[in-house]
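Biologist: I would like to learn how to read the side-chain features of a model like this one. Could we go through them one at a time, with the general rule before the particular case?

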Amino acid sequence: MYLTGSKRFNLDAKARLTLPANYRKMFDGQVTLIPLHDALYGFTPEGFGQWVRSFFEKDGKKFEPGNRQHVALRRKLTGSAVTVDIDSAGRIALGKIDATDQGAREKLGLVRDVTVVGVEDHFEVWNTERWEAEQARLDDELDALMFGSGL
């Protein structure tokens with residue numbers, strides 16, 4: 001199942017987000033969240049593990065436990081993530097990301113008005129204002145990719 005589409009939401013007073021019903025079907029009661037760049041990424045716990053491994057499994061290479069850089073980078077990714085439960089109302093507590101990175105939610109602007117975006121194997125939670133600015137920025141690039149000379 002691919003996650004697609006985007007939808008605006010308001011976080012409640014406890015910084016909880018109600019996941020779209022069609023997204024919840026992909027998750028078995030838990031979501032692994034990791035704050036990155038301009039958004040909060042949400043994976044199934046298994047999908048998160050696959051995503052982390054994908055950085056090391058390129059060109060026939062694999063994670064090397066004797067390589068200090070591999071160990072440090074994997075630790076950075078896994079240490080920045082938190083797995084949260086989806087409650088009976090279909091909500092996830094975004095505030096829990098602050099446990100691994102104090103103020104992460106505020107840095108991302110995930111205070112009230114957010115946009116949830118499906119990106120095939122995961123979803124992203126964006127500050128709505130940042131999401132709209134990013135989409136406007138990408139209009140010309142998408143047009144060039146689809147109909148022009150490419151990137």
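**Reading rings, a helix face and salt bridges**

Modeller: A search of the whole structure gives 10 aromatic pairs, where rings of Phe, Tyr and Trp (its six-membered ring) pair if their centres lie within 6.5 Å, and planes under 30 degrees apart count as stacked, over 60 as edge-to-face and the rest as tilted. In Tyr 23 and Phe 123 the ring centres are 6.3 Å apart and the planes stand at 35°, so this pair is tilted. Because Tyr 23 belongs to helix α1 (residues 21–24) and Phe 123 to strand β8 (residues 122–127), the pair ties together parts that are 100 residues apart in sequence. Please keep in mind that this is a predicted model, in which local features need pLDDT of at least 70 and side-chain atom pairs count only at pLDDT 80 or more, while totals for chains, interfaces and linings use all residues. Residues are numbered from 1 along each chain as its sequence is written, and side-chain values use heavy atoms, with hydrogens and water left out.

Biologist: Which residues of helix α2 are buried?

Modeller: Buried means under 20% relative accessible area, exposed over 50%, and partly exposed in between (1.4 Å probe, protein chains only), and helices (H or I, at least four residues) and strands (E, at least two) are DSSP runs, numbered from the N terminus. In α2 (residues 45–54), the buried residues are Gly 47, Phe 48, Trp 51 and Val 52. Seen down the helix axis, they fall within an arc of 140° and so line one face of α2, the arc being that of the directions from the axis to the C-beta atoms.

Biologist: What do the buried residues of α2 pack against?

Modeller: They pack against β3 (30–36), β4 (39–43) and α3 (68–79), with contact meaning heavy atoms within 4.5 Å. The face turned away from the buried side carries the exposed residues Glu 46 and Gln 50.

Biologist: How many salt bridges are there?

Modeller: A salt bridge is a side-chain nitrogen of Lys or Arg within 4 Å of a carboxyl oxygen of Asp or Glu, and by this rule the count is 7. One of them joins the side chains of Arg 8 and Asp 113 at 2.6 Å, N to O, linking distant parts of the chain, since Arg 8 sits in strand β1 (residues 6–10) and Asp 113 in strand β7 (residues 113–119), 105 residues apart. Arg 8 and Asp 113 are also linked with Glu 132 in a network of salt bridges.
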